[in-house]
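Hi everyone, thanks for coming. I'd like to walk you through one structure today, so please have a look at it first and then we'll go through it together.

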Amino acid sequence: MMKKLTLASAAAAAALWSSAALAADAVSEPPAPPPVATDVAPAAFSWSGGYLGLQGGYSWLNGDFSSGLGSHTFDGGRFGAFGGWNFDVGSNVILGLEGDVNYDWNKEGVASGVDFGSEFSGSARGRVGYAMDRTLIYAAGGWTATRAGFSGTVDDKATLNGWTVGAGVDYAVTDKVFLRGEYRYNDYGSKNISGIDTDLNQHVINVGVGMKF
């Protein structure tokens with residue numbers, strides 16, 4: 001009888017020890033982390049919407065004049081602002097409208113005591129571009145105008161209207177801020193200023209920074 005009680009006690013003790021050990025393992029084992037979602041893609045960058053920016057650069061204004069003044073080149077720095085709106089029409093194609101206003105520092109002498117140069121200029125352009133994520137390559141064209149004329153012994157200015165065409169690249173450094181590099185050709189046509197037939201065209205290099213909103 002005593003032998004049976006001893007065996008029963010040993011079995012009970014072993015069962016209690018095993019249960020305690022399992023319980024301790026269950027308490028000490030940390031809970032499994034939740035599964036990490038691997039099929040959620042980051043939101044694609046979009047060029048759609050409005051934007052504003054500042055730009056600066058250099059321009060080469062070519063002028064052909066009557067009255068024996070000949071042809072001259074007026075080059076110098078420029079500074080301006082631009083703004084527009086982009087429309088994403090699918091297949092990475094971006095269409096847009098943009099306007100800008102600039103000021104050129106390019107006054108040069110064309111005769112004794114007579115200088116010529118342009119001042120304010122502006123344009124309204126349509127744009128078509130191709131987006132490669134944060135890079136937008138575009139071409140643009142439309143209407144342009146400039147205020148130009150003579151100063152000194154002849155002092156007269158006029159507004160010349162014409163057309164513009166160009167191409168450039170916008171690159172988004174953040175979701176809101178982008179950088180720009182652009183080439184533009186402006187043909188301002190011709191106009192009679194103080195009896196002098198004046199024909200102007202211009203090559204422009206612009207760099208700028210803009211903000212999407």
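This is a predicted model: local features need pLDDT of at least 70, side-chain atom pairs count only at pLDDT 80 or more; totals for chains, interfaces and linings use all residues.

With that, the protein has 1 helix and 9 strands. Going along the sequence, the order is α-β-β-β-β-β-β-β-β-β. Of the 213 residues, 36% count as buried. The exposed surface comes to about 11,800 Å², and carbon and sulfur atoms supply 66% of that. As for contacts with a separation of 6 or more, 61% of them are between residues 24 or more positions apart.

Let's turn to the strands. How many bridges join E5 to E6? There are 17, and these two strands, residues 114–132 and 135–152, run antiparallel. If you want a landmark on that pair, Gly 122 has Ala 145 in E6 as its bridge partner. On its other pairing, E6 is joined to E7, residues 156–172, by 16 bridges, again in an antiparallel arrangement. Here you can find Thr 135 opposite Tyr 171 in E7. The hairpin from E6 to E7 passes through 3 residues, while the hairpin of E5 and E6 has 2 residues between the strands.

Asp 133 lies in the loop between E5 and E6, and its phi is positive, about 60°, although it is not a glycine. Is Asp 133 buried or exposed? With a relative accessible area of 52%, Asp 133 is exposed, because the cut-off for that class is over 50%.

You'll find Asn 92 in the loop between E2 (70–90) and E3 (93–104). Its relative accessibility is 40%, so Asn 92 counts as partly exposed.

Now for the inside. The largest nonpolar core has 15 residues, and the members that touch the most others are Phe 65, Val 110, Phe 116, Phe 150 and Leu 200. At least two residues of this core come from each of E1 (49–65), E5, E6, E7, E8 (177–193) and E9 (196–212). A second, separate core has 9 residues, among them Phe 45, Trp 47, Ile 94 and Ala 172.

Let me stay with Leu 200 for a moment. Setting aside neighbours within four places in sequence, Leu 200 is in contact with residues including Leu 61, Phe 116, Ala 148 and Leu 160. Its contacts also take in Asn 62, Asp 187 and Tyr 188, along with Gly 63 and Gly 189.

I'll finish with a polar residue, Ser 123, which sits in strand E5. Why does Ser 123 count as buried? Its relative accessibility is 6%, and the class takes in values under 20%, so Ser 123 falls inside it. Which side chains does the Ser 123 side chain meet in polar contacts? One is the side chain of Asp 100, at 2.8 Å, and another is the side chain of Arg 184, at 3.4 Å. Beyond four places in sequence, Ser 123 touches Asp 100 and Arg 184 together with Glu 98, Gly 99, Trp 143, Thr 144 and Thr 164.

That's my tour, and I'm happy to go back to any part of it.

Conventions. Residues are numbered from 1 along each chain as its sequence is written. Side-chain values use heavy atoms; hydrogens and water are left out. Two strands pair if DSSP finds at least two bridges between them. Helices (H or I, at least four residues) and strands (E, at least two) are DSSP runs, numbered from the N terminus. Buried means under 20% relative accessible area, exposed over 50%, partly exposed in between (1.4 Å probe, protein chains only). Contact means heavy atoms within 4.5 Å. Accessible areas come from the Shrake-Rupley method with a 1.4 Å probe; for residues, only the protein chains shown count as cover. A nonpolar core is a set of buried Ala, Val, Leu, Ile, Met, Phe, Trp, Tyr and Cys residues joined through side-chain atoms within 4.5 Å. A polar contact is a pair of N or O atoms within 3.5 Å; within protein, one must be able to donate a hydrogen and the other to accept it, and residues adjacent in sequence count only if both atoms are side-chain atoms.
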